[in-house]
Amino acid sequence: MHPEFERLRQACSVEARHACPNLQGQHARFADFARAEVARLLDQRFLAPAPVAALRAPLDRYETLPPADRARLVQDLLMALDPPRAPEPARPAPVGSTRPATAPAAPASKPAAKGPQGLDMGVQFVKGVGPRTGEMLAKLGILTVHDLLFHLPRTHLDYQARTRLRDVKPGDRVTIWGTVRRVETFVPPSRPNLTICSVLVHDGTAAAKATWFQGKMNKLRTDQFKQRFPVGAQVLLSGEARADGPRGGISFDRPDVEILGHDGEGQGESVHVGRIVPVYALTEGLPQRTLRQAVHTCLQTFGPLVEDFLPPVTLAALDLPTRPEALQGIHFPESMPERDRARDRLAFDELFLLQLGLAYRRAQQRDQAALAMSGTGALTQALREVLPFRLTGAQERVFTEIVQDLARPEPMNRLVQGDVGSGKTVVALLTLLVAVENGFQGALMAPTEILAEQHFRKFQEWLAPMGIPVASLLGKHGKRERAPVLAGVADGTIPLLVGTHALIQDSVSFHNLGLVVIDEQHRFGVKQRAQLRAKGLHPEVLTMTATPIPRTLALTLHGDLDVSVIDELPPGRKPIVTSWIGQRQRKDAWNLVRTELEKGHQAYVVFPLIESSEELERVRSATEEAETLAREVFFDWRVGLLHGQMDPVEKESIVQAFRRHELDILVSTTVIEVGVDVPNATVMVIENAERFGLSQLHQLRGRVGRGGDQAYCVLVTATQTEATRQRMEVMTATQDGFVIAEQDLRLRGPGEFLGTRQSGLPDFVLADITRDTALLEKARKLAWKVIEQDEGLQRHPALRAALFRHFRTNLGFLGVS
């Protein structure tokens with residue numbers, strides 16, 4: 001596909017993936033953007049008029065079209081973007097090789113891999129698919145043959161090995177083949193909004209019941225369920241067997257099902273029965289068998305056209321199959337070992353392309369202009385003399401690394417990690433002062449107003465004796481407050497600015513921005529970080545996080561960054577005594593709080609919800625509990641309430657009142673997770689602690705013990721499950737943020753751990769960094785070796801094409817506009 005088409009193809013793919021709702025992009029809705037892009041491509045003669053002439057009229061009325069017509073139009077538009085097949089290029093050098101490319105190979109006898117008959121062909125033209133199924137596939141983001149081939153199974157069912165029901169024991173995961181004897185649906189009198197559907201199956205040796213729990217079903221849906229399981233039909237059931245009643249019967253809850261028809265009809269269809277079969281994610285109206293057959297047909301016809309961007313010598317060294325072999329093995333494996341081997345290859349590809357993207361981006365950034373900063377260090381030395389404490393060895397080491405980065409003639413790419421209370425703020429200010437000494441302005445952006453306010457107050461306190469102005473810019477500031485700040489930033493009289501997302505508004509114009517510090521950077525999207533950088537001419541960027549990141553996740557999210565770790569806490573900090581109790585022991589927690597209050601200290605009580613929820617009956621809410629605590633438990637103490645839905649001015653007023661000890665107890669949601677620093681607070685009670693991630697609990701716990709007094713954290717849980725026990729034992733056993741982060745990643749997985757969607761990176765389909773550490777290391781080593789030898793991938797055109805396809809929804813990450 002021509003590079004000029006990529007922006008429009010990217011927009012079409014995203015629009016189709018969301019079922020064509022006319023998505024709002026950064027600057028325009030999809031229809032407006034598509035019309036403008038088509039006009040541009042026609043004007044510049046990148047598109048031939050004939051293929052798109054029939055599309056312009058429906059595109060003009062895109063907003064009024066029904067969803068099905070929109071999906072069809074988007075598919076047709078993608079078809080129109082397919083260029084004619086180019087002459088066979090020179091064969092690239094093997095990945096990782098410095099050998100020059102060879103001459104073009106002889107013409108292949110197989111069909112062209114690109115063009116309207118290749119992998120970019122519309123999926124509706126695949127034999128057996130058609131327009132109607134194509135529309136349903138579009139809802140899954142499947143528009144082309146390539147999309148269909150890489151719509152990978154979410155699991156597999158082994159229909160090769162069938163177990164007789166008489167041999168099945170509770171707890172066994174089995175596949176059984178039987179005949180439907182009875183189908184029933186009923187509504188329990190005690191649960192009028194629940195319908196229980198059951199199917200009785202007999203295989204000649206014994207009977208088993210399969211059960212599904214549905215929401216309230218009308219007669220139409222009930223009839224449809226019964227029609228799905230006609231009496232006498234043969235079915236395959238796959239799932240975990242459970243004991244059913246005292247007589248030793250067997251049942252299955254929500255098993256995977258394959259309906260074979262009457263008298264085993266369809267047993268000869270090897271795609272669906274008698275083998276290991278794939279199970280795919282579906283959309284309403286798209287049967288599993290239809291999608292499975294479509295993938296099978298597509299794989300047979302187009303699978304051989306899939307180009308492998310890794311040469312045989314590399315695959316042999318890694319002990320991996322080819323990419324076409326892996327696709328066959330992941331969709332329709334002959335054995336489970338074959339499936340696992342295919343999965344490893346495709347998981348390696350995901351990790352490799354990600355690492356290649358990180359290495360590619362780092363290589364592109366090395367060529368960008370940078371502001372080399374040096375100086376006498378007079379301002380940083382002056383700050384050291386003002387500070388009421390000495391920097392720790394870890395702070396000194398990290399600051400030295402930053403200063404060395406700033407002095408180099410290439411952009412700084414450094415992430416500073418520091419556990420709760422390790423002193424990142426002072427390192428950030430020292431870095432900003434290096435920029436000021438070099439005649440530049442500095443800006444610090446934080447994700448919440450509370451955190452930004454805390455940074456601003458610290459900066460004011462430390463810089464006031466030095467006579468260096470610092471200002472803040474927050475969303476709550478009105479026009480009158482903003483005007484002098486905007487003017488001072490624009491004319492350079494304000495050298496340092498602290499704020500939230502307000503810093504990236506169009507009204508903010510810097511005189512000479514040279515350094516950007518982004519705190520809790522994972523809470524900002526890629527575009528937001530880029531918008532702040534765009535406020536200056538190639539400003540240096542330092543990112544920070546108080547969430548310790550396990551090494552595997554750091555390589556995944558920040559593999560292109562140099563990472564510094566502040567792994568030493570200031571002297572005098574005592575370990576926080578952490579305990580875990582059930583809700584029935586809550587009085588013990590309140591007694592501890594009362595003891596600390598009587599010593600003149602303060603306390604936090606944290607809840608997961610702002611208000612109560614019918615759906616979460618056992619989860620306590622901050623609003624109601626604050627009233628209860630103030631009225632019934634701590635009626636002789638001053639209790640305040642803080643949550644994220646409050647007006648910013650009200651939130652700041654509550655925080656300040658707590659900071660001035662005008663409140664003894666602060667009842668809050670997770671809004672205090674970062675940015676609240678009250679040294680006098682020595683005890684925290686966290687309700688429904690099982691609903692928080694371990695790293696979040698660690699962040700919350702870090703709000704106490706910031707002075708020299710002994711501090712306590714009590715975790716109260718409503719459940720006593722094995723998962724809860726494991727997680728609470730981690731919290732009570734260690735206060736090492738990196739140990740906790742590793743356990744959090746293992747227990748919750750990478751998707752939830754850090755909000756990785758904010759990173760702008762493609763999602764993993766098969767790779768799992770919690771278990772694919774070895775694959776990740778191999779992928780990283782190979783990817784960075786390739787980029788070292790061929791920064792622009794000019795000698796690896798197939799690899800470059802695969803990389804750009806992988807990042808097609810965020811080419812900006814690679815530095816491609």
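## Basis and overall make-up

Helices (H or I, at least four residues) and strands (E, at least two) are taken here as DSSP runs, numbered from the N terminus. On that basis the secondary structure of the chain comes to 27 helices and 21 strands. The model is predicted, so that local features need pLDDT of at least 70 and side-chain atom pairs count only at pLDDT 80 or more, while totals for chains, interfaces and linings use all residues. Residues are numbered from 1 along each chain as its sequence is written, and side-chain values use heavy atoms, with hydrogens and water left out.

Of the 817 residues in the chain, 53% are buried; buried means under 20% relative accessible area, exposed means over 50%, and partly exposed lies in between (1.4 Å probe, protein chains only). Where contact means heavy atoms within 4.5 Å, residues 24 or more positions apart account for 74% of the chain's contacts with a separation of 6 or more.

## The parallel sheet and its helices

Seven strands, in the order β11-β12-β10-β13-β14-β9-β15, form an open sheet with parallel pairing, two strands being counted as paired if DSSP finds at least two bridges between them. At the edges stand β11 (470–473) and β15 (562–566), each of which pairs on one side only. Strand β10 (residues 441–445) and strand β12 (residues 496–499) pair in the parallel sense over four bridges, and Gly 442 stands opposite Leu 496 in β12.

Helix α13 (residues 393–407) packs on the sheet, where it touches β9 (413–418), β13 (513–518), β14 (540–545) and β15, and its direction makes about 155° with that of β15. Axes are lines fitted to C-alpha atoms, for helices over the stretch in contact, and angles run from 0 to 180 degrees between N-to-C directions. Helix α16 (residues 479–491) lies across β10, β11 and β12, running at about 125° to β11.

Within the sheet, Gln 417 lies in strand β9 and is buried, with a relative accessible area of 3%. Leaving aside neighbours within four places in sequence, the contacts of Gln 417 include Thr 545, Val 563, Val 565 and Phe 738.

## Nonpolar cores

A nonpolar core is a set of buried Ala, Val, Leu, Ile, Met, Phe, Trp, Tyr and Cys residues joined through side-chain atoms within 4.5 Å. The largest has 70 residues, and those with the most contacts inside it are Leu 149, Phe 302, Phe 348, Phe 352 and Leu 356. Helix α11 (residues 336–366) gives the most to this core, with 13 residues. Apart from it lies another core, of 52 residues, among them Val 606, Phe 658, Ile 672 and Ala 689.

## Salt bridges

A salt bridge requires a side-chain nitrogen of Lys or Arg within 4 Å of a carboxyl oxygen of Asp or Glu, and a search of the whole structure finds 29 of them. One of these joins Asp 567 to Arg 397, with the closest N and O atoms 3.6 Å apart. This pair links distant parts of the chain, 170 residues apart, since Asp 567 is in the loop between β15 and β16 (577–582) and Arg 397 is in helix α13. Asp 567 counts as exposed at 56% relative accessibility, whereas Arg 397 is partly exposed at 35%.

Asp 405 and Arg 408 also meet through their side chains in a salt bridge (2.6 Å, N to O); Asp 405 counts as buried at 5% relative accessibility, while Arg 408 is partly exposed at 38%.
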